[in-house]
Amino acid sequence: MASQLEAVNWTRVKNDHAHVRKLLLEAEWSLSVVSVLTLLISIWVSYILPRQVVKPLLSLKEAIDHAAAGDNEIEFDVQGKGEIVDLVESLRRMLDSLRPKTRSEKIS
């Protein structure tokens, strides 16, 4: 009877061990899929974010360089919303306030 009980228990241990291996394999696959998706999303964001943030900043820098060189008749083509667009609007107002002064200086 003891050997029968030992055989039943050993069978249970083997079955439990096989079940745990299966669960670990499924967990590894799930983590791998999540890791790959996270990597792909981060790569995608790293390409999209610079286009939406850096490109308007470079355009704004170029426009400011023209304004610093004395060309107050520049136009800004920055669209969207957020702090960058607010900065562009402030710069437009500043240049608009400078335009009458520079025109009157040119006439005099």
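Predicted model: local features only at pLDDT ≥ 70, side-chain atom pairs only at ≥ 80, totals over all residues.
Which residues in α1 are buried?

The protein chain contains two helices and zero strands. Helix α1 covers residues 2-68, and helix α2 covers residues 83-107. Of the 108 residues in the protein chain, 12% are buried. The chain exposes about 9400 Å², of which carbon and sulfur atoms supply 64%. Among the contacts with a separation of 6 or more, 44% join residues 24 or more positions apart.

Helix α1 may be considered next. With 67 residues at 1.5 Å a residue, α1 should span 99 Å, and the distance of 95 Å between its end C-alpha atoms therefore agrees with that expectation. After α1 comes Gly-70, which has a positive phi, near 105°.

The opening question can now be answered: Pro-56, Leu-60, Ala-63 and Ala-67 are the buried residues in α1. An α-helix has 3.6 residues a turn, so residues three or four places apart point the same way. Leu-60, Ala-63 and Ala-67 also belong to the largest nonpolar core, together with Ile-74, Val-88, Leu-91 and Leu-95, which gives seven residues in all. At least two residues of this core come from α1, and at least two come from α2. In soluble globular proteins, nonpolar side chains tend to be buried together.

Ile-74, a member of this core, is located in the loop between α1 and α2. Ile-74 counts as buried because its relative accessible area is 10%, and buried means under 20%. Although Ile-74 and Arg-92 are 18 residues apart in sequence, their C-alpha atoms are 9.1 Å apart in space.

Side chains of opposite charge can pair when their charged atoms come close. The count of salt bridges is two. In one of them, Arg-92 pairs with Glu-89, with 2.5 Å between the closest N and O atoms. Arg-92 and Glu-89 are three residues apart in helix α2, so about one helical turn separates them. Both partners are partly exposed: Arg-92 has a relative accessibility of 23%, and Glu-89 has a relative accessibility of 31%.

The other pairing is found in α1, where the side chains of Asp-65 and Lys-61 form a salt bridge with an N to O distance of 2.8 Å. Asp-65 and Lys-61 are four residues apart in helix α1, which means that about one helical turn lies between them. Asp-65 is partly exposed, with a relative accessible area of 40%, and Lys-61 is likewise partly exposed, at 48% relative accessibility.

In α2, Arg-92 and Glu-89 form the corresponding charged pair, while Val-88, Leu-91 and Leu-95 are part of the nonpolar core.

Notes: Residues numbered from 1 in each chain as written. Heavy atoms only, no water. Expected span 1.5 Å × (residues − 1). Buried < 20%, exposed > 50% of the residue type's maximum accessible area, 1.4 Å probe, protein only. Salt bridge = Lys/Arg side-chain N within 4 Å of Asp/Glu carboxyl O. Core = buried A, V, L, I, M, F, W, Y, C linked by side-chain atoms within 4.5 Å. Contact = heavy atoms within 4.5 Å. Areas by Shrake-Rupley, 256 points an atom, 1.4 Å probe, with all protein chains shown as cover.
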